[in-house]
Amino acid sequence: MFISARALEFWRLTHGRDLDSNEIYAVAKMRLFRAFDEIEGLRDDGLNLLVDESNVKELLDPLGL
């Protein structure tokens with residue numbers, strides 16, 4: 001799991017604040033949950049999952065952030 005600096009910067013610029021440590025954990029967890037839904041056999045693959053500026057907002061939207 002990798003949360004890019006671009007994702008954190010995008011969030012800061014669009015929301016006027018940094019994500020706190022709980023929110024960073026939440027976005028990583030949401031990305032993992034989405035990967036289980038999207039990628040067949042995820043447990044068997046050594047995949048690198050990425051949170052970047054293209055998906056950080058949509059991953060956190062269901063949490064009301």
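Arg 17 and Glu 23 form a salt bridge, with their closest N and O atoms 2.9 Å apart. The term stands for a side-chain nitrogen of Lys or Arg within 4 Å of a carboxyl oxygen of Asp or Glu. In general, side chains of opposite charge can pair when their charged atoms come close. Arg 17 is partly exposed at 34% relative accessible area, whereas Glu 23 is buried at 10%. Here buried means under 20% relative accessible area, exposed means over 50%, and partly exposed lies in between (1.4 Å probe, protein chains only).

Before going further, a word on the model: it is predicted, so local features need pLDDT of at least 70 and side-chain atom pairs count only at pLDDT 80 or more, while totals for chains, interfaces and linings use all residues. Residues are numbered from 1 along each chain as its sequence is written, and side-chain values use heavy atoms, with hydrogens and water left out.

Glu 23 lies in helix 2, and, not counting residues up to four places away in sequence, touches Arg 17, Asp 18, Leu 60 and Leu 65. A contact is a pair with heavy atoms within 4.5 Å.

Now for the overall layout. The chain has three helices and two strands, arranged along the sequence as β-α-α-β-α. These elements are DSSP runs numbered from the N terminus: helices are H or I with at least four residues, and strands are E with at least two. Among contacts between residues at least 6 apart in sequence, 68% join residues at least 24 apart.

In soluble globular proteins, nonpolar side chains tend to be buried together. Leaving aside neighbours within four places in sequence, Ala 7 is in contact with Val 51, Asp 52, Glu 53 and Val 56.

Asp 52 also brings us back to charged pairs. The side chains of Arg 6 and Asp 52 meet in a salt bridge at 3.9 Å, N to O. This pair links distant parts of the chain, 46 residues apart: Arg 6 sits in helix 1, and Asp 52 in the loop between strand 2 (50-51) and helix 3. Arg 6 is partly exposed at 48% relative accessibility, but Asp 52 is buried at 11%. Another salt bridge joins Glu 9 and Arg 12, whose closest N and O atoms are 2.6 Å apart. Because Glu 9 and Arg 12 are three residues apart in helix 1, about one helical turn separates them. The count for the structure comes to six salt bridges.

Finally, let us look at the outside. Met 1, Leu 32, Phe 33 and Phe 36 form a nonpolar patch on the surface, with about 370 Å² of accessible area together. Patches are made of residues with over 30% relative accessible area and no salt bridge, where like charges are joined within 9 Å and nonpolar side chains (Val, Leu, Ile, Met, Phe, Trp, Tyr) within 5 Å. Leu 32 lies in helix 2 and is partly exposed at 34%. Areas come from the Shrake-Rupley method with a 1.4 Å probe; for residues, only the protein chains shown count as cover.
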